[in-house]
Amino acid sequence: MSLALYAQLKALMIARIIDGTYVEGTTIPSEDQLGRTHGVSRVTVRKALDELKVEGVLSSVRGQGTRVTYQNRGVMNPMDIIALVAFSPDTFFAEFYRNFEHTAEANNSLVVLKQGFEQGGVAPQVMLSRLIEKDIRNIVIWPRLVAVSPELLTRVRAVGVNLVIFDHPEATPCADVVCLDHALAIQTLCRHLRAQTTGTIDLLTYTELPLSLQVREATFLRETGGSGQVHRVARGEDMLEQILAELSRLKRAKRLPGGLIASCGELGLLAARAVRELNLDVALCSVDWFEGMEQYPLTAYEQPVKRMAEEAYLRLKAQAESGDRWRARRSLHPGQLRASRPK
């Protein structure tokens, strides 16, 4: 069933706010202009605008027209449907999703998963506009490789959406943030390796870094005081070959580190395979525990995925219940070391 004409116009106005066409304080076209532009009656235009005014998205001042009004408050609406938006597939995210959905189901909420919107795919603002058009106003976002700008988050909040950002270490005034304490993870692994080796400690990471891995790398550089090297891997099908080549180069140059920290579980598992294949004496650590690591001698900093998934749901629920009393919060969660010592 297609949307009523007024609902279509309302959705279009919201989309224009989200994509930045109408910024805060913008005076929108008059009812007559909107009617002519979109081929609808004034009654239709007025109904669309009236709903947006009731929702706090628009406000009118006599003699000054109708303007866009940014709001930054919790939206008191039902938690019947929650959209979980991930802009990149990832093994770690799959585990988060399972736990989040379990928590949602236990609270009688249905989760809609939108996944795989990578660079070159559907733009974040387009996807978010589609969800809002379907009246989904509770959204958890896992940005990962696609930048979701603070300006976009502000605009999404402004049209009446409860937002939680997962695995994003920076605080934002328009969304609650739930993530691992990335700095503590690297600090803990550095301390662990210093107790295992007197050699240098290096970091294995990607060439292109999401914000969470940027924090991990910056912490590593501070912890090692510049003594450790950073080795970068380009994402792709040949990552194992890249790691093998880099470790072989270090071995030939007699510059192998005493310890190596992989910045994420995917790289940790590949590094473990490479270290075994090359028969290297390198103490290996990883942020994240991935299935398969139990086959290799390494120590991982395991994320409390279940606890973070529950927190993400509870923060969303708190927004829906708080309304004007809501204030953004950032929740940093510690993990724990998990050692694998296969016989």
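Contacts between residues 24 or more positions apart make up 72% of the chain's contacts with a separation of 6 or more; a contact means heavy atoms within 4.5 Å. The model is predicted, so local features need pLDDT of at least 70 and side-chain atom pairs count only at pLDDT 80 or more, while totals for chains, interfaces and linings use all residues. Residues are numbered from 1 along each chain as its sequence is written, and side-chain values use heavy atoms, leaving out hydrogens and water.

The chain has 343 residues, and 52% of them are buried. Buried means under 20% relative accessible area, exposed over 50%, and partly exposed in between (1.4 Å probe, protein chains only). Along the principal axes, the C-alpha atoms fill a box of roughly 75 × 40 × 40 Å.

The chain contains 11 helices and 14 strands. Helices (H or I, at least four residues) and strands (E, at least two) are DSSP runs, numbered from the N terminus.

Strand 8 (201-206) has 6 of its 6 residues buried, so the rest of the structure largely encloses it. Strand 8 pairs with strand 10 (259-262) in the parallel sense over 4 bridges. Strand 8 also pairs with strand 9 (230-233) in the parallel sense, over 4 bridges. Two strands pair if DSSP finds at least two bridges between them. Leu 204 stands opposite Ala 262 in strand 10. Leu 204 also stands opposite His 231 in strand 9.

Strand 8, helix 8 (residues 211-224) and strand 9 form a right-handed β-α-β unit. Right-handed means that, with the strands pointing away from the viewer, the path from the first strand over the helix to the second runs clockwise.

Helix 9 (residues 239-252) has 14 residues. From first C-alpha to last it reaches 20 Å, close to the 20 Å expected at 1.5 Å a residue. The expected span is 1.5 Å times one less than the number of residues. The buried residues of helix 9 include Met 239, Leu 240, Ile 243, Leu 244 and Leu 247. Seen down the axis, the buried residues of helix 9 fall within an arc of 165°, so they line one face of the helix. The arc is that of the directions from the helix axis to the C-beta atoms. Among the elements covering these buried residues are strand 8, strand 10 and helix 10 (265-278). Lys 254 follows helix 9, and its phi is positive, near 55°.
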